[in-house]
Amino acid sequence: MLLTELGWPKKAWSLSQQWKHKEERKASRIIAEMATKLVDLVYWRKMRRTGVVFTGLVISLASLFQLSAITVLSHIGLGVMSVTFILRLYYKLLELLRWNPGVHPFQSYLDNDSSLTDKETVMLVEEVVLLIAFAFTEIKRLLFIESMIDSIKFVVLLYLLTYVGVVTSGLTLLIAAVIAVFSLPLLYKKQQMRMRRMVRAVKAFVKRIKNLCLSLYDSVRPSPVPTPGPKPAPTAAIAATKQKAKSK
């Protein structure tokens, strides 16, 4: 009773809301930082880092044509550790010769705290679960024909994918997608005005073709038969009938 009079439930609720908003802002800040890093990679703002990531991805995916995923990952790990191990031995040798004050070559990477707290982990898991549930709901809606139009579109997409699967493989499409992600945004940024002119020209051409088809359809379509209107009543006969009635 005393806690209720002091307003404890309201204070606890307000504190929980403040904590929730704080965690949401923190999560949104982390997502914004990740998106900024991804945009920097895609637009080649840091040439060395983007070159390493792009080359590593393409070579790793191309290696999967001949080798298994476990072999590729093992060789990548061995290649990275061969470089880091040699550098660590070199700096250790400099330290023994007193040419280096004992600085670790990868201390900045070791000091970078990329771990998640319990609350961030829970929020991340919730987002992943929501995405999986949304995908499952959409697939169920398409498979069991909730909307006829959407299901027809899905059937057409699956039918086209059968031809894509015959022509190429999923790994080839993944490599092409990686190359497109790292090349198309930069190409659009460099040739932005020319591409806009091309898009406007294509839109004008499509509009011209559409108007031509509509005009051809209007010229071929038979004109509608005019509906007969109501026949006017004979005014002379009505006037004669009224005169006879008055004379009687």
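Which residues does Ser 151 touch, not counting residues up to four places away in sequence? They are Arg 141, Leu 142, Ile 145 and Glu 146, where touching, or contact, means heavy atoms within 4.5 Å. Before you select them, note that this is a predicted model, in which local features need pLDDT of at least 70 and side-chain atom pairs count only at pLDDT 80 or more, while totals for chains, interfaces and linings use all residues. Residues are numbered from 1 along each chain as its sequence is written, and side-chain values use heavy atoms, with hydrogens and water left out.

Now colour the whole chain by secondary structure: it has ten helices and zero strands, these being DSSP runs numbered from the N terminus (H or I of at least four residues for helices, E of at least two for strands). Buried residues, those under 20% relative accessible area with a 1.4 Å probe and protein chains only (exposed is over 50%, partly exposed in between), make up 8% of the 248 residues.

Return to Ser 151, which is placed in helix α7 and, at 4% relative accessibility, counts as buried. Next select α6 (residues 118-143) together with α7 (residues 148-167), whose axes come within 8 Å and cross at roughly 95°; the axes are lines fitted to C-alpha atoms over the stretch in contact, with angles running from 0 to 180 degrees between N-to-C directions. The two helices are therefore roughly perpendicular to each other, a label given to angles of 65 to 115 degrees, whereas under 35 is roughly parallel, over 145 roughly antiparallel and the rest oblique. On the α6 side the contact is made by Arg 141, Leu 142 and Leu 143, and on the α7 side by Asp 150, Ser 151 and Phe 154.

Between these helices, select Ile 145, which lies in the loop joining α6 and α7 and counts as partly exposed at 43% relative accessibility. Its phi is near 55°, a positive value in a residue other than glycine. Most residues other than glycine have a negative phi. Trp 44, in the loop between α2 (8-42) and α3 (47-63), also has a positive phi, near 55°.

Finally, select Leu 41, Leu 61, Leu 171, Ile 175, Val 178 and Phe 182, which form the largest nonpolar core, meaning a set of buried Ala, Val, Leu, Ile, Met, Phe, Trp, Tyr and Cys residues joined through side-chain atoms within 4.5 Å. Helix α8 (residues 170-190) gives the most to this core, with four residues.
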